[in-house]
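These are my notebook entries on a ligand and its surroundings. I also looked up a sheet.

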Amino acid sequence: MSILVTGGAGYIGSHMVHALVDAGERVVVLDDLSTGFRFAVPPEAALVVGDTGDAALVSRLIAEHGIEAIVHFAASIVVPESVADPLRYYRNNTANSRSMIDCAVTGGVKHFVFSSTAAVYGNPARVPVAEDDPLAPMSPYGSSKLMTEIMLRDATAAHGLGHVILRYFNVAGADPLMRTGQSTRNATHLIKVAVEAALGLRGKIDVFGTDYPTPDGTCVRDYIHVSDLVAAHADALRHLRSGGAPATLNCGYGRGFSVLEVIETVKRVSGVDFRVDLAPRRPGDPAAIVAACDRAREILGWQPRWDDLDTIVRHALDWQRKLGTMNL
Ligand SMILES: NC(=O)c1ccc[n+]([C@@H]2O[C@H](COP(=O)([O-])OP(=O)(O)OC[C@H]3O[C@@H](n4cnc5c(N)ncnc54)[C@H](O)[C@@H]3O)[C@@H](O)[C@H]2O)c1
Ligand SMILES: O=c1ccn([C@@H]2O[C@H](COP(=O)(O)OP(=O)(O)O[C@H]3O[C@H](CO)[C@H](O)[C@H](O)[C@H]3O)[C@@H](O)[C@H]2O)c(=O)[nH]1
């Protein structure tokens, strides 16, 4: 039996592939390399370059490799881009996920783990936000993910497909062994951008909004180390294999840092005092979003190991330095 990882050449997916290979699993990666990288997939995993919307291909992979579980990371992930081109997001994130779920049901796949997002909550009325709190996405990106959550729950009710939906908060950092990391071109994520500024790859960083109702006026987020997030996926697979019930779980640490706190941390850990400009708000940003994260610990027995902003930033810096030597 093998595990199919879609988006396994991307940032988070490649960390998952390494973890599965480390655990002795047989892994097939399906990735169209639109934002992912061939080098990010370890040689022990089979890389198939193709589209999650190609049902004939996905069905063939399920049959040929005896796929027992699908871990579905492949998606388009840039929130403002989803506002400008919503139908592309509904195709890649919603329609292609519908096709993946259909192929899973038809092909007899037992388990499905899905990458959802804190963006399904929108601007939460209370923080920390819990899984049963109101869902009100503020972007097509968030809506495209929420629609997939709904399809998965319905497919489970009708066809018995086991699933775990993980709602990621702000993912950052890199593999502590530096085998992979965030290699995304033109990244928009705060820690990646700040690290690039610290290493002289950008002239400065803009702080988007200083008048939010938060302690220092900048947005607050719950930053989770990518390796802890991947551990939650491994725990989810174990849960499903042992007959665990479907679950929807937040993945965060339950504590927030402001944009200015993150930038100060990057400056301190890198030892570089880069330029910071105060800028207007970025449309669509919630003021503060932090995970209520007890449920993942209770249901999956998830135990984070890297819950420390300095460590997250250090690993992101180390990966960025390594990337600089890789001549991509
Ligand atoms: N990075 C975050 O902070 C964050 C937060 C919440 C949720 N997520 C979710 O995590 C998942 C992975 O995100 P990431 O940060 O690793 O992004 P990423 O862009 O690095 O990875 C996505 C991967 O999917 C591939 N892909 C995209 N569309 C495809 C398609 N149609 N067929 C085959 N492959 C396709 C890309 O080539 C890429 O390798 C996404 O589902 C994203 O929505 C990420
Ligand atoms: O150069 C920058 C980049 C970001 N920010 C700010 O930093 C905070 C975090 O921004 P990110 O772009 O790093 O992350 P988001 O919180 O916008 O979004 C992330 O988390 C969301 C869930 O909350 C989605 O899942 C999304 O895919 C994922 O990128 C925001 O206040 C943003 O305005 C800046 O001030 N300057």
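I began with the backbone: a polar backbone atom of L190 is 2.8 Å from an oxygen atom of ligand 2, which I list as a polar contact (a pair of N or O atoms within 3.5 Å). I then looked up side chains and found an N or O atom of T117 at 2.5 Å from an oxygen atom of ligand 2, and one of N170 at 2.9 Å from an oxygen atom of ligand 2. I noted that the protein covers 91% of the 680 Å² of accessible area that ligand 2 has on its own (Shrake-Rupley method, 1.4 Å probe).

The model is predicted: local features need pLDDT of at least 70 and side-chain atom pairs 80 or more, whereas totals for chains, interfaces and linings use all residues. Residues are numbered from 1 along each chain as written, chains are lettered from A and ligands numbered from 1 in written order, and side-chain values use heavy atoms, without hydrogens and water.

Next I asked which element gives the largest share of the shell around ligand 2. It is β8, with 4 residues (strands are DSSP runs of E, at least two residues).

Finally I returned to T117, which stands opposite Y168 in β6. I recorded 7 bridges between the parallel strands β5 (residues 111–117) and β6 (residues 162–168); strands pair if DSSP finds at least two bridges between them. I traced an open sheet of 7 parallel strands in the order β3-β2-β1-β4-β5-β6-β11. β3 (46–49) and β11 (247–251) each have a single partner strand, so one side of each is left without a neighbour in the sheet.

Note on methods. Polar contact = N/O pair within 3.5 Å; in protein donor to acceptor, adjacent residues only side chain to side chain.
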